[in-house]
Each structure stands twice: as structure tokens, then as C-alpha cells.
Amino acid sequence: MSAALDQQVEALMRDAAARAIMPRYQHLAASDIIDKAVDDLVTIADKESELILAEGLAAILPEAAIVGEEAAHADPTVLERLGDALCWIIDPVDGTNNFAEGKPPFGVLVALAERGECIAGWILDPLSGRFCRAGRGTGAFIDGERVQARGSGADKPIAAISVLFMDQGKRTAMKDHIAPHYTLVDIPRCAAEQYPRLVTGVNDITIFERTLAWDHAAGALFLNEAGGKCARADGTPYRVDDDRKGMIGAAAPALWDDMARRLAEIG
């Protein structure tokens, strides 16, 4: 991706955060929060942020389709655009449940996909201002500095395992056969935070069950470009137009391999 495109997207994301998100942080009224589904919220900030981002991204690349989380919730046929020649993917407020409770982490995610493969991704933490970006084949960067993923160095790898969307059988298998090999930590409930943790040595490994494009396109690319590994448990790359469940993210390929082997053993 060109430097000019990176700059345009970053400026747009920061603008959406400044205008639609941060003024409402810890100032949401009850009427500003809506239940989309069980344990799944949307706020006025999500909706306004997505409008700002969609309008701005359409101006940057008019030929690209746009798939936003809230637009797809309102009209699921929007998801059919994920495999288009070019497609913007927007998560206007990632970690909405945290945001609605007035606590971190939360973030903004934007990705650009080409025929189902993510080719660029951008991750903004509105609270700290931290900005992560990655381009296919061009590396990963945090606040303009190129980064290389690193493990925590802990004797037992530090794992954040999301079981929110697993069935009971899979949760039990995780607890009995996977958890003992790792030091478990809470998941942040925010992919915009989880992926940077894998790159910066906070966490070593994570398992995601639900892998929606707006949650994972930017982060998976960011982790892979930083030299970590993010892929389906069978080793196939993540694609934004693939609706399968389950994915492993790791700070190093060896950590990924160990987790994939353990998961294969429990079926």
C-alpha cells in the first residue's frame, strides 16, 4: 500500500474517533445503547463512526465495495461483497461491550481486501492514540515504527482463549486438555487490542472461535506481517469471505504449531 493511502486512512480513522467515539466515551445514555443479540451491543457511536468511515473510504477508493459491521447487521446480503475485486471492511467500534460499559479496551478496525484476501489493515486505539498498520508483503508498523512479533518469554506460554462462542463440549476440551499447558489470561473482548498484544510480547497465543471479517481481517494481516502466525487450525490462511469458525494467532510460528497439534489431538 502507498504511504498516501496509509495517511488518508489513518486521518479518517482518527477523525471518526474524535468526532463519533471519544465524545461519547463514558457519556452514553441508556437510549444510546441497543441490544443486537445476546451479549452483542451497538451504540450511537458505532453507527456514527461507521457512517464517517464509509463516506471517507468511498471517497478514497470509489471502486471498492464497503462492508461495515452495522450495515451487514441491517442487511446480511452486504456480506456477499467480501469477495469483490476490492472491498473495504469496517469495524467502527471494536469492543463495543467494553465501550458501552465505559472501560477499555476498544478500537477502530479498517481493512482492504482483494478478492477475499486482506491486503492492508489499520488498527486504532482511540484512548492511547496507538496506530497499527500492515500491508501485504510490506511489514507491520506501530506508530510508524516497523515491529517484529515477540513472545512473552514466560515459562508457560501466556494464552488468551476466547470460549464465548464455543459449544459446551469444546469449552470442556479446552479446559481439560489445552489450558494446563498455558498460563491463561482474560481475553480483552476486543480484537483491536488482542492482536497488538500478540505482537508486543504481552500474550503468546490466542484462540478465536468466531472470526468475522471486521474483527479479524486487519489483525490477522498485522500479526502475520510482524512475523507471528495467524491461520485456521488446519493451517489454511484466513480469508475474509470464508465463514468457517476457529483460528489460532501466535507470536511465533513454533507457538502456533504447538497449539495446532494440541487442538488436533482433541479433535
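Is C132 buried or exposed? C132 counts as buried, because its relative accessibility is 0%. Keep in mind that this is a predicted model, so treat what follows as a tour of a prediction.

**Cysteines**

- How many disulfides does the structure hold? The count is zero.
- Take C132 again: the closest cysteine sulfur to its own belongs to C190, and the two sulfurs are 11 Å apart, which is too far for a bond. For a disulfide, the sulfur atoms would have to be within 2.5 Å.
- C230 is in no disulfide either, and its nearest cysteine sulfur, the one in C118, is 11 Å away.
- C230 counts as buried too, because its relative accessibility is 4%. The cut-off for buried is under 20%.

**Helix 1 with helix 2**

- A quick bit of background: two packed helices are described by the angle between their axes and the distance between those axes.
- Helix 2 covers residues 44-60, and its axis comes within 9 Å of the axis of helix 1, crossing at roughly 155 degrees.
- How do you put that angle into words? Angles over 145 degrees count as roughly antiparallel, and helix 1 and helix 2 are therefore roughly antiparallel to each other.
- The crossing of these two helices, helix 1 and helix 2, is right-handed.
- On the helix 1 side, the residues making the contact are L5, Q8, V9, L12, M13, D15, A16, R19, A20 and I21. On the helix 2 side, they are A45, E48, S49, I52, L53, G56, L57 and I60.
- Sorted by class, the residues in the contact of helix 1 with helix 2 are twelve nonpolar, three polar and three charged.

**Helix 5 with helix 8**

- Helix 5 spans residues 168-178 and helix 8 spans residues 253-266; they pack with axes 11 Å apart, at an angle of about 120 degrees.
- That angle makes helix 5 oblique to helix 8.
- Which way does the pair cross, left-handed or right-handed? The crossing of helix 5 and helix 8 is right-handed.
- Helix 5 brings A173, M174, H177 and I178 to the contact, and helix 8 brings M259, R262, L263 and I266.
- Those contact residues of helix 5 and helix 8 divide into six nonpolar, one polar and one charged.

**Helix 6 with helix 7**

- Helix 6 runs over residues 191-199 and helix 7 over residues 213-225, with an angle of about 10 degrees between them and axes 9 Å apart.
- That angle makes helix 6 roughly parallel to helix 7, because angles under 35 degrees fall in that class.
- From helix 6, the residues A191, Y195, P196, L198 and V199 meet D215, H216, G219, A220, F222 and L223 of helix 7.
- By class, this contact of helix 6 with helix 7 has eight nonpolar, two polar and one charged residues.

**Backbone details in the loops**

- Where does P105 sit? You'll find P105 in the loop between helix 4 (96-100) and strand 5 (107-114). P104 and P105 are joined by a cis peptide bond, with omega about 0 degrees.
- Q26 isn't a glycine, yet its phi is positive, near 65 degrees. Look for Q26 in the loop between helix 1 (3-21) and strand 1 (33-37). Q26 counts as exposed, because its relative accessibility is 53%.
- R115 isn't a glycine either, and its phi is also positive, at about 50 degrees. R115 is in the loop between strand 5 and strand 6 (117-124). With a relative accessibility of 54%, R115 counts as exposed. The cut-off for exposed is over 50%.

- D243 is in the loop between strand 13 (229-231) and strand 14 (247-250). Its relative accessible area is 74%, so D243 is exposed.
- Along the sequence, D243 and A58 are 185 residues apart; in space, their C-alpha atoms are 25 Å apart.
- G129 belongs to the loop between strand 6 and strand 7 (131-135). Leaving out residues up to four places away in sequence, G129 touches R14, L124 and D143.
- G129 and D35 are 94 residues apart in sequence, and the distance in space is 28 Å from C-alpha to C-alpha.

Key
Residues numbered from 1 in each chain as written. Predicted model: local features only at pLDDT ≥ 70, side-chain atom pairs only at ≥ 80, totals over all residues. Heavy atoms only, no water. Buried < 20%, exposed > 50% of the residue type's maximum accessible area, 1.4 Å probe, protein only. Axes fitted to C-alpha atoms, helices over the stretch in contact; angles between N-to-C directions. Helix = DSSP H or I, 4+ residues; strand = E, 2+ residues; numbered from the N terminus. Parallel < 35°, antiparallel > 145°, perpendicular 65-115°, else oblique. Left-handed = near helix turned anticlockwise from the far one by under 90°. Contact = heavy atoms within 4.5 Å. Nonpolar A, V, L, I, M, F, W, Y, C, P; charged D, E, K, R; others polar.
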